[in-house]
Amino acid sequence: MNFLGKDIASIHESLVKGDVTAEELTKEAIQNTKNNEKDINAFITIDEENAIKRAQEIDKRGINPDNVLSGIPVAMKDNMLTKGVLTSAGSKMLSNFKPIINGTAVNKMLDADTVSIGKTNMDEFAMGSSTETSYYGDTNNPWNLDKVPGGSSGGSAASVAAGDVLAALGSDTGGSIRQPAAFNGIVGMKPTYGRVSRWGLIAFASSFDQIGPLTNNVYDNALVLNAIAGHDEHDLTSSDKEVPDFTKDIDAGVKGMKIGLPKEYLGEGVSEDVRNSIQAAADKYREMGATVEEVSLPHSKYGVAAYYIIAPSEASSNLQRFDGIRYGYRSEAAKNLEQLYVKSRSEGFGDEVKRRIMLGTYSLSAGFFDAYFKKAAEVRTLITKDFQNVFQDYDLILTPTTPTTAFGKDENKDPLTMYMNDVLTIPVNMAGLPGMSLPAGFSNELPIGMQLIGKPFDETTMYKAAYAFEQNTDFHNQYPKIGGDK
């Protein structure tokens, strides 16, 4: 059994009726994952023993009929702390690290009675757009094994797209939930910065990082965000705003909504098929009663340049803790303290992580801080103001998620070319806004993703618009062959 074409509510109904037990469901999920792993490599760790034990405990106390996530198999990205289970962030540096605590988002998923079957593959320390920088090997796209699944949450996205699990958690720093969601033809939500606690998330860039759900459909995505959202006293950046039920009135439609279509996101570099799919989506929204008009976000074109100064600078600071002494990888070749630092970091980090540490350290160094980091921070403010101006008159913004469909393995080896894959997602992180990707078409049998961008803490409106589009199109009902017949 795989979970293609299934949804959380129908599986939960089967659990409540006793047609299937949580243990049976978990074992089926694990077996299906194992069957797919030789082709996809979506997981770093399949936590079979603990998952089955947890499912048995849930069966023993009974499936909660009022908790739709009770007994549902899920997966966690490998940069989220999971007690007693390898948490490597896809790096050799943490290849021996088993946390003694769970992160807040993981705990909330456990509180919701889900069953985590394992930890998903990812770009090392979430630095990448293709899941090709992982110490544990590349993850492949279920739609075409010669294509990348996106990154850095490529393992989480591929595990959902292949039908291994019904939902997975990812993290998004510059597009790392939405871009893989687009490449894999699923739904991925990056909530507003502060909506979900980052406590227990191994940090890349602390002012950008945000945890969010990846699922096969919009309603399931809202269910998972319901579970993980909310204030956390451990995370001073988490918001104390009340968390609404994101599924409430999700079927209200879009009549009367005003949606902005930024001209800068449909220009040079965006493939014709992607552009046509977004224009078709705009027409569909008009057909459903929304107003869709062209708007401008003039400073978004500077987003990638500013991001690759600010984010590496924060990474340079965050990754100082991995020194070969306190925890993580330690070089056996070191002869003194200085060699211990240098060799442990040189051997423990991969090329992309080293590149960003060097870039960030340079940007923060004396004499260059004002020229680079301060200027990038000013650009970030301009990008934020652009969004604020548009949202004075519009409820949502509609854009492509990515300029193209999934690219080939080893196709974008030049770092600058790889960085440009996030050109349409990075501005959302710069402004701390919620953004989600959902299927909007196909090109050469590969999924095309469209991005909805919302006002701060207004994920509810985004879900309504996404659900309306999903229910009036058929893109979400098509599946990759790797996980089962189309």
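Biologist: Where does isoleucine 325 lie?

Modeller: The model is a predicted one. In this model, isoleucine 325 counts as partly exposed, because its relative accessibility is 35%. Its position is the loop between α9 (303–318) and α10 (337–348).

Biologist: Which residues form a nonpolar patch on the surface?

Modeller: A residue must have over 30% relative accessible area to belong to a patch, and isoleucine 325 has 35%. The patch has about 340 Å² of accessible area together, and its members are Ile325, Leu337, Tyr341 and Val342.

Biologist: Within what arc do the buried residues of α10 fall?

Modeller: The buried residues in α10 are Leu340, Ser344 and Gly348. Seen down the helix axis, these buried residues line one face of α10, because they fall within an arc of 25 degrees.

Biologist: How many residues apart in sequence are the parts that lysine 34 and glutamate 48 tie together?

Modeller: The side chains of lysine 34 and glutamate 48 meet in a salt bridge, with N to O at 2.7 Å. Lysine 34 belongs to helix α2 (residues 22–40) and glutamate 48 to helix α3 (residues 48–61), so the parts tied together are apart in sequence by 14 residues.

Biologist: Which residues do salt bridges that share partners join into one network?

Modeller: Arginine 356 and glutamate 352 form a salt bridge, with their closest N and O atoms 2.7 Å apart. Elsewhere, salt bridges that share partners make one network of Arg54, Arg61 and Asp113.

Methods: Residues are numbered from 1 along each chain as its sequence is written. This is a predicted model: local features need pLDDT of at least 70, side-chain atom pairs count only at pLDDT 80 or more; totals for chains, interfaces and linings use all residues. Side-chain values use heavy atoms; hydrogens and water are left out. Patches are made of residues with over 30% relative accessible area and no salt bridge: like charges are joined within 9 Å, nonpolar side chains (Val, Leu, Ile, Met, Phe, Trp, Tyr) within 5 Å. Accessible areas come from the Shrake-Rupley method with a 1.4 Å probe; for residues, only the protein chains shown count as cover. A salt bridge is a side-chain nitrogen of Lys or Arg within 4 Å of a carboxyl oxygen of Asp or Glu. Helices (H or I, at least four residues) and strands (E, at least two) are DSSP runs, numbered from the N terminus. Buried means under 20% relative accessible area, exposed over 50%, partly exposed in between (1.4 Å probe, protein chains only). The arc is that of the directions from the helix axis to the C-beta atoms.
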